[in-house]
2 protein chains.
Amino acid sequence: MSYGELVERVKKISNVGHAAGVLRWDQEVMMPEGGTPARSKQLSTLSSVRHDLLTDDRTGELLNAAEPENDEERAVVREVRREYDRATRVPNELVEEISEATSEAHPVWASAKENDDFDEFAPTLEHLVELRREYADYVNPDVPRYEALFEEFEPYLGLDTAERVLSTLRDELMPLVDDVVASDVSPEPLPSVDEDAQEEVVRDALDVLGYDKEHGRLDVAPHPFSTGTQFDARVTTRYSDDPLDALTSTVHEFGHATYTLGLPRDEYGTPLGEARDLTVHESQSRFWENHVARTRAFWDFFAPRFNEATDEDVTPRRAYEAVNTVEERNPIRVEADELTYHSHILLRFEVERALIEGEIEVDEVPAVWNEKHEEYLGFRPESDAQGALQDIHWSHGSFGYFPTYSLGSALAAQVDAAVRDEIDVDEAVREGGFDGIRRWLRDEIHTHGKRYETDELVRRATGDDLSAEPFLKYAHKKYGEVYSV
Amino acid sequence: MSYGELVERVKKISNVGHAAGVLRWDQEVMMPEGGTPARSKQLSTLSSVRHDLLTDDRTGELLNAAEPENDEERAVVREVRREYDRATRVPNELVEEISEATSEAHPVWASAKENDDFDEFAPTLEHLVELRREYADYVNPDVPRYEALFEEFEPYLGLDTAERVLSTLRDELMPLVDDVVASDVSPEPLPSVDEDAQEEVVRDALDVLGYDKEHGRLDVAPHPFSTGTQFDARVTTRYSDDPLDALTSTVHEFGHATYTLGLPRDEYGTPLGEARDLTVHESQSRFWENHVARTRAFWDFFAPRFNEATDEDVTPRRAYEAVNTVEERNPIRVEADELTYHSHILLRFEVERALIEGEIEVDEVPAVWNEKHEEYLGFRPESDAQGALQDIHWSHGSFGYFPTYSLGSALAAQVDAAVRDEIDVDEAVREGGFDGIRRWLRDEIHTHGKRYETDELVRRATGDDLSAEPFLKYAHKKYGEVYSV
């Protein structure tokens with residue numbers, strides 16, 4: 001009985017969170033600009049309502065009294081217990097202080113970036129770092145502060161895994177990038193096409209990949225994202241000069257949405273019906289973006305469709321090369337190719353860890369950033385706007401989030417290898433047959449929700465612990481082929 | 001101090017309600033169909049969270065301890081007290097039972113209407129009526145049940161006002177309708193135009209009337225509505241064969257949104273920043289729809305713009321006649337003209353009151369409906385789908401809502417007369433000058449939120465108690481002119 005009551009309470013907490021998700025989607029995609037003051041208050045209310053429900057003594061009583069009767073029920077109790085423990089360890093005053101500080105931080109960061117003035121953001125960043133250190137000490141005093149924060153985004157992989165994967169990527173990818181840069185090959189970008197044609201291309205891509213429009217929709221947003229539930233998982237995109245930007249970004253969000261839609265519907269609102277954190281989520285988006293939409297097989301299939309929609313005459317080979325272009329000197333993380341992307345993450349990981357652990361001070365951040373930028377990317381950004389002020393994450397008070405991007409990318413390659421053990425992916429993709437791939441991902445990953453801890457989920461799906469090796473193998477093979485290195 | 005705490009709590013309650021409003025807008029306008037199961041659960045969670053916050057003992061303690069120091073603060077306490085008292089008088093079990101019964105009722109009603117089968121809906125309606133009777137006994141045992149339910153929608157006007165206004169309208173309007181029907185004049189409908197042109201017309205109308213796009217947006221919905229806050233008040237419309245349908249319906253929703261946008265921003269989340277219930281809200285939509293967009297002056301101004309957008313050549317006189325057409329035999333309330341509309345309301349009012357008071361049984365409803373339909377409208381509807389199953393309200397468990405439509409229409413005319421005492425409305429409208437009108441409405445009505453009880457607000461704005469006289473005067477003048485009667 002009390003297990004049932006616990007689940008009812010958990011569903012209530014989850015529904016408040018999903019309601020907030022709808023409000024955030026609306027804010028990014030539909031809300032008129034003037035709506036901000038009211039929307040901020042609505043979101044902060046939902047956040048505090050959710051926190052109150054979670055940390056209420058009643059949740060603790062139900063957790064203590066719950067008598068789970070099987071593995072699924074034990075997984076539910078494990079996940080709720082973890083979240084309850086972390087939430088109750090932090091005093092309410094600190095939670096509120098962080099919430100206020102982050103909502104005030106965002107416009108300060110945006111203005112500092114606009115003005116290319118790190119000093120404008122520095123006191124705010126200082127305050128956020130102090131609050132997050134304090135938070136880390138409460139939430140898990142047994143580990144270094146940065147690790148306590150990393151666990152917030154990635155509970156079951158361990159910071160040591162992140163370190164291992166990132167340092168392997170650094171050591172092995174930088175020589176490959178050097179070879180690529182030294183190569184004579186220089187892919188030609190695709191011609192730019194108008195927005196209507198781009199929209200036709202991305203809608204066609206969503207159709208052929210199997211996006212379920214009865215449970216989703218596509219809109220435009222300044223920063224593409226995906227959000228929702230297994231009943232309603234939406235994607236957004238944006239259009240730029242290069243039609244491949246919108247396409248790869250839409251396929252990326254399709255990967256996120258497909259994970260969400262693959263969660264079991266009858267477990268909506270319980271941890272068994274929620275996605276397994278950031279690394280696994282990112283692995284799903286990267287799988288579709290990199291291991292499907294950046295393959296030669298995909299372009300053998302899709303180039304004619306692209307030409308049909310855009311009235312162009314692009315060969316599969318040309319599109320394949322263009323979509324796998326390694327840019328030598330792009331300082332912007334979100335525009336980076338698959339290889340240099342990890343250098344962007346590595347430098348952020350090292351800077352934010354040093355900052356949280358007190359090894360560097362806020363005013364040293366730009367210098368350290370630029371130094372590492374030179375070390376890992378071979379050049380210095382022209383400005384702090386393109387450097388330490390580039391990303392929104394710190395203004396959200398998020399430290400420890402960045403490594404999950406690289407972990408997700410590595411996991412995508414590991415998943416890809418596992419899928420290829422069972423399915424001839426290239427042949428299927430070349431014929432536009434994506435159902436088998438979607439089914440594999442759903443059965444091996446999506447359908448489990450949070451049933452398994454992340455490391456176990458990875459082992460079950462791929463047969464191995466998470467490592468950088470499959471990504472390196474994949475990268476050497478593909479970029480060796482594209483750049484003849 | 002405890003007044004301040006009360007206000008904080010009230011804002012929290014209000015924000016949960018507004019968050020639910022965003023979810024409902026999304027559900028009607030944006031949500032993919034498959035999202036329904038999750039959305040229902042999110043909405044029911046927010047509803048129960050709101051109810052729990054409102055009825056918590058803490059709210060009562062804060063109310064008892066509050067020491068309001070001026071009229072505004074006293075108004076806040078009065079409004080919160082009223083809502084708290086009504087909510088706490090009803091047992092939680094009954095609230096939940098009603099919530100479940102109404103969410104189950106909607107599809108049953110929709111199917112019964114589709115199948116034109118009243119018996120299919122009858123047991124559900126029976127159950128809803130019983131629950132609402134029980135509810136009425138708790139919420140205000142001192143008055144007849146129907147009155148207790150009416151007060152839910154219209155707290156400060158009194159059911160006797162509704163009776164007086166409705167019976168006057170019945171007695172005075174039916175002879176006018178008879179004259180109109182007997183007249184030789186029969187206005188010609190405007191030519192139908194395609195949806196794009198209709199959209200251009202309604203967007204232009206919103207522009208010229210002064211809809212603030214920084215704080216609103218226009219979308220399409222199957223049943224047009226308006227929702228939001230003083231920071232973000234949105235309207236919806238739909239397009240049919242007759243371009244005047246979309247136009248008048250959009251202007252109607254513009255009136256609602258303009259009220260919402262005129263609420264004081266610094267009182268967002270308190271009763272001083274919330275609209276004064278249904279009658280006043282409806283008066284604002286009807287004011288713009290009937291007393292602006294159905295005037296000859298408006299068409300002198302707008303016909304050339306209409307022609308420009310639609311490539312038609314409609315004279316102001318023709319448009320003016322078309323938009324004021326009285327249809328002799330239309331059984332559909334939402335399509336009714338200004339005159340016969342009240343007959344539709346009158347029959348619903350009498351049927352639902354008799355039902356709640358136990359004077360008729362559910363299985364008698366179709367017969368009584370059709371009888372009154374003949375009496376007030378001069379003919380019987382061809383089916384229950386066009387009769388007793390026509391409206392959604394009862395399936396929502398809403399009884400006592402209908403009279404506020406007629407009260408709002410009457411109040412719109414009374415407001416119009418008051419505006420005209422100070423502004424030459426026809427001259428302003430003929431020149432496309434709507435600012436002065438909007439300002440009058442904002443200063444005399446919108447800006448007060450719930451500060452005054454409704455009857456006092458009406459007296460302050462119009463100098464008189466609510467009555468049917470201004471509407472009758474207006475109707476006789478206009479329809480006398482259009483139909484030469």
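User: What makes a pair of side chains a salt bridge, and how many does the rule find across the interface of chain B and chain A?

Analyst: A salt bridge is a side-chain nitrogen of Lys or Arg within 4 Å of a carboxyl oxygen of Asp or Glu. In this predicted model, the rule finds 6 salt bridges across the interface of chain B and chain A.

User: Why is the pair K12(B) and D52(A) called a salt bridge?

Analyst: The side chains of K12(B) and D52(A) meet at 3.1 Å, N to O. The cut-off is 4 Å between a nitrogen of Lys or Arg and a carboxyl oxygen of Asp or Glu, and therefore the pair K12(B) and D52(A) qualifies.

User: Which elements of chain B give two or more residues to the side that touches chain A?

Analyst: They are α1 (2–29), α2 (36–55) and β3 (232–237) of chain B. The largest share, 11 residues, comes from α2(B). By residue class, this side of chain B divides into 15 nonpolar, 10 polar and 11 charged residues.

User: How many residues are in contact between chain B and chain A, and what area do the chains bury between them?

Analyst: In all, 36 residues of chain B are in contact with 36 residues of chain A. The two chains bury about 2,800 Å² between them, and 63% of that area lies on carbon and sulfur atoms. K12(B), M30(B) and P32(B) supply 17% of the area that chain B buries against chain A, more than any other three residues. The count of residue pairs in polar contact between the two chains, both at pLDDT 80 or more, is 16.

User: Where does UniProt place the feature "binding site"?

Analyst: The UniProt record, an unreviewed entry, places this feature at H252(A), H256(A) and E282(A). These residues are spread over 31 residues of sequence, yet they cluster in space, with a largest C-alpha distance of 8.7 Å.

User: Is H252(A) buried or exposed, and how do you know?

Analyst: H252(A) has a relative accessibility of 12%. The limit for buried is under 20%, so H252(A) counts as buried. This residue is found in helix α10 (residues 243–262) of chain A. Leaving aside neighbours within four places in sequence, H252(A) is in contact with E282(A), S285(A), R286(A) and E289(A).

User: What makes the pair H252(A) and S285(A) a polar contact?

Analyst: The side chains of H252(A) and S285(A) are joined at 3.2 Å. A polar contact requires a pair of N or O atoms within 3.5 Å, one able to donate a hydrogen and the other to accept it; therefore the pair is listed as a polar contact.

User: Is H256(A) buried or exposed, and which residues is H256(A) in contact with?

Analyst: H256(A) is buried because its relative accessible area of 12% is under 20%. H256(A) lies in helix α10 of chain A. Apart from neighbours within four places in sequence, its contacts are S226(A), H281(A), E282(A) and S285(A).

How values were computed. Residues are numbered from 1 along each chain as its sequence is written. Chains are lettered from A and ligands numbered from 1 in the order in which they are written. This is a predicted model: local features need pLDDT of at least 70, side-chain atom pairs count only at pLDDT 80 or more; totals for chains, interfaces and linings use all residues. Side-chain values use heavy atoms; hydrogens and water are left out. Contact means heavy atoms within 4.5 Å. Buried area is the accessible area (1.4 Å probe) that two parts lose on being put together, summed over both. Helices (H or I, at least four residues) and strands (E, at least two) are DSSP runs, numbered from the N terminus. Ala, Val, Leu, Ile, Met, Phe, Trp, Tyr, Cys and Pro count as nonpolar, Asp, Glu, Lys and Arg as charged, and the others, Gly among them, as polar. UniProt positions are given in the numbering used here, feature names are shortened, and annotations may be inferred rather than shown by experiment. Buried means under 20% relative accessible area, exposed over 50%, partly exposed in between (1.4 Å probe, protein chains only).
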